[in-house]
Amino acid sequence: MTAVPGRRSSTFTRLLRHGFTDPSAAERLLDLPAVAAVRGDPVLLDALGGTADPDLALRSLVRIAEAHEEEDARRRFLDTLVAAKPLRDRLLGVLGASEALGDHLVRHPDDWQALFTYESADLHPGVAEFERGLAEADDPVSLRVAYRRCLLAIAARDVCGTTDVAETAAELADLATATLRAALAIARTAAPEDAAACRLAVIAMGKCGGHELNYVSDVDVIFVAEPANGTHGGGPATGTSATGTQGPHATDGVPDEAKALQAAPRLASHLMRICSETTVEGTIWPVDANLRPEGRNGPLVRTLSSHLAYYQRWAKTWEFQALLKARPVAGDPALGEEYIDAVAPLVWGAAERENFVPDVQSMRRRVVDNIPAAEIDRELKLGPGGLRDVEFAVQLLQLVHGRSDATLHSGKTLDALQALAAGGYVGRADAAQLDDAYRFLRAMEHRIQLYRLRRTHLVPEDEADLRRLGRSLGLRTDPVAELNREWRRHASVVRRLHEKLFYRPLLDAVAQLAPGETRLSAKAAGQRLEALGYADPAAALRHLEALSSGVSRKAAIQRTLLPVLLGWFADSADPDAGLLGFRKVSDALGQTPWYLRLLRDEGAAAENLARVLSAGRLAPDLLLRAPEAVAILGDPEGLKPRGREHLEQEVLAAVKRADTAEAAVAAARGVRRRELFRTAAGDLIGSYGTEDSPAEADPGALVDRVGTAVTDLTAATLAGALRAAVANGWGETLPTRFAVIGMGRFGGGELAYGSDADVLFVHEPREGVDEQEAARAANTVVAEMRRLLQLPTADPPLLIDADLRPEGKSGPLVRTLASYAAYYRRWSLVWESQALLRARHMAGDADLGARFLDLADPLRYPAEGLGEDAVREIRRLKARMESERLPRGADPTLHTKLGRGGLSDVEWTVQLLQMRHGWAEPGLRTTRTREALAAAQAAGLIATEDAAVLDEAWVLATRVRNAVMLVRGRAGDTFPSDGRELGAVGRYLGYGPGRVGDMLDDYRRVTRRARAVVEELFYGA
């Protein structure tokens, strides 16, 4: 067959046409003497070309032929290969798909005869057939050889299409069952006394338990044991062998439970070693017992009563989900069945547990989060749109509806999916698409693992590997491109249906279905909503019916949106509020074309709306007062707060256009309402995160953004009210210059959603204006501003608090600059100087505001710092405030403002540093707490660690106050007592369902550390 140099032979061309990537090497292999008997076979190249990798198949074929040392054995092998088409197709199919099984046949060249196994009557073998195949194995090495021989037969039927992917997975699970029984028999033979002392049952879990095992996978098991001659729950009183036959009795009387629990772990450990250890023949697979109670920290073997005690008291939701696939496979069959019968009621009652659905969903999210970033796009099993998405969705539905429908009690994913469709729990079209996608992804997984018999779920990156994988799945025109296209298509279907499966049938329950379609019953729909966390399933169903019924465009679009929205609502602390809010917004805007288009076409808008509506009362209340603000949620830049200059321009322009002062301030308050919604929505989405945008990592940045945004908005609103008040009585020019000075959190740029605006009013008569006339004008303006801002409307109120003025409530509301100077020079107390630390010009005459701050600087940053008497006075005032102002009955460890390590503690500590050192350290001359704290640390006035402790406590306390306002719609300084509201605060702070206790413990820990720093720095303790 040697070609003329410089010319390609006809064989070379034929090899290329049949799919060989290295025809020259293939020609050389075909010229070898070992395969001379098949060289002239006219269909050999056709058979090789039909394999996944013709080059690999030919290389392995030559190696196997050469491995037959006796010429007669080689001739018999090759003659059979030529004469028997079933053998040829099966052998070459396996050799082209699996390098590892080719290597096995090279080591054991006579094992090719296993390819004729189960050829006719037993086409789909079960456990009994595999047990016969393993019967002669009496040690780990021979067991591995026999296992690979059986595996060879399974793989041959798989790659030739004799069995489909589900049948192949079931055969692999049956082979694993037979292997576990054989391993247990070897272990019992090695330790007859242990075998006699206990009844041991092996319960398969995971894919083995579900009859859907991979080629290479951990085999998950749980071990249950009882005394050999004891009884439990009506079970047999004698020990049994691995196959269920009568076992030997102990010779020293009736073994007790302690002796059984000493013997059983030794048997179980030996079984695990037999299967898991690496020998000259490699390994079979690891036996993993980590799904047992307490995982790897718990005992390897327990009695049945011990298992039940754990599941009834301590088990987590995922453990019941895992038990869905539990199946007795080896050891004492009666004990195994007792175990299944005992745990079944617990499994099918798991959906009634608190936070059931969130627990399952959060576990799925944790799985995705733990995938290395470099692998997530190639992860076939665990990645988004992967096999685990199908399995989780199906198992979730099984657990919810299997309580009342025994047809769903299947450990097989595809059988359970078919039952869910038959029962109307999943749409038939959706189930068919998911079935198709799952089969394709499982087939990919099988062929990837089959190549080298290695446990992996990563799609390869190498071009040759992808080509072989694509060809093994029947994609021959352009294997790599077709494979990637099909894989992405199926993954996209899985991801979409994973979100839809749980929610779509809820709409079918309230919609008019086509004849012959199955409707989810009202009871089943209510069960599903209840499992999702809806407190009032009946009301939720009414909302769904109102939103989705009818033939209008609005109803059609909402039927498309609602399955995903329901999932987002269920992911919140108050799904009922989210669904109710969506119905109200849709009732208000449903006839507006842009609204429906926004939600349909802008995925971020729909998710953002769902997050905002279900996170608490404040943002939905703001939105429902002006539903058109929902457009903000669809603009990528829409959630960023606007700056003060921009806001003032808009507010002042609106005031100027208004005909009356009342209309002017109403317009300003309308801008404030819209911008408060923008800020609250951005805060919620930044805290909760979305699918495409995770929660922000820096809580301090969120706090600063909210504080700045609300402060700028309040300043702009006051500027508008001032302009309206002046225009109402004096036109353009007031007889006196007038300025508003922000104090407290307002001046510090740290306003929370529910904060009042602390201010001072200062004026200065214009040249030629009588002082009394100027004072009357200034007081009239203040009274008018307060009246206008307090007019009853649907907008949130803005309260002006001037109690920090000289002489407090007893003093005049407005003073001239000279009057302030005289008062501070003669009468000012140390607390008033401290209050001026946050003074900042906010509205009105900028020059007058600047001169007021020049007046305040010597008071708030006294030259050479504070004297000891002043320091003692500040400490005394703080101690008095702690003892007198904390509300009666309030928990001092949880009060965010006045409690231990709360806002007051941190702020007074920072302010004391400012007053003592601000004269010498310019960085301390700021109205903002965090900036001043950072400046103190940079100046060496506070240790870095102490500064971090105080900053963390201040940020956390501020976030809690913001969360309370967002959740309840009214301000509060302590955590809510209502469980649902408390859960919503936890979600805002980043705590998942059921972690309220962790949140409170963390708050106490953070503030306790902060209080220790305050004791040292502020009180000098």
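A walk through the predicted model

You will find His 211 in the loop between helix H12 (206–209) and strand E2 (219–227); helices (H or I, at least four residues) and strands (E, at least two) are DSSP runs, numbered from the N terminus.

Before going on, a word on what you are viewing: this is a predicted model, in which local features need pLDDT of at least 70 and side-chain atom pairs count only at pLDDT 80 or more, while totals for chains, interfaces and linings use all residues. Residues are numbered from 1 along each chain as its sequence is written, and side-chain values use heavy atoms, leaving out hydrogens and water.

Glu 294 also has a positive phi, about 70°, although it is not a glycine. Look for Glu 294 in the loop between strand E3 (287–288) and strand E4 (301–302). With 45% relative accessibility, Glu 294 counts as partly exposed.

Now step back to the whole protein. It has 44 helices and 10 strands, and its C-alpha trace spans about 130 × 80 × 65 Å along the principal axes. Of its 1021 residues, 57% are buried. Contact means heavy atoms within 4.5 Å, and among the contacts with a separation of 6 or more, 73% join residues 24 or more positions apart.

What lies inside? In soluble globular proteins, nonpolar side chains tend to be buried together. A nonpolar core is a set of buried Ala, Val, Leu, Ile, Met, Phe, Trp, Tyr and Cys residues joined through side-chain atoms within 4.5 Å. The largest one here holds 212 residues, of which Tyr 339, Phe 582, Phe 677 and Phe 738 touch the most other members. Helix H42 (residues 944–968) gives the most to this core, with 14 residues. Leaving aside residues up to four places away in sequence, Phe 582 touches Leu 547, Gln 558, Leu 562, Leu 565, Phe 569, Tyr 595, Leu 599, Leu 609 and Leu 613. A second, separate core has 89 residues, including Leu 45, Ala 65, Ala 146 and Leu 267.

Methods
Buried means under 20% relative accessible area, exposed over 50%, partly exposed in between (1.4 Å probe, protein chains only).
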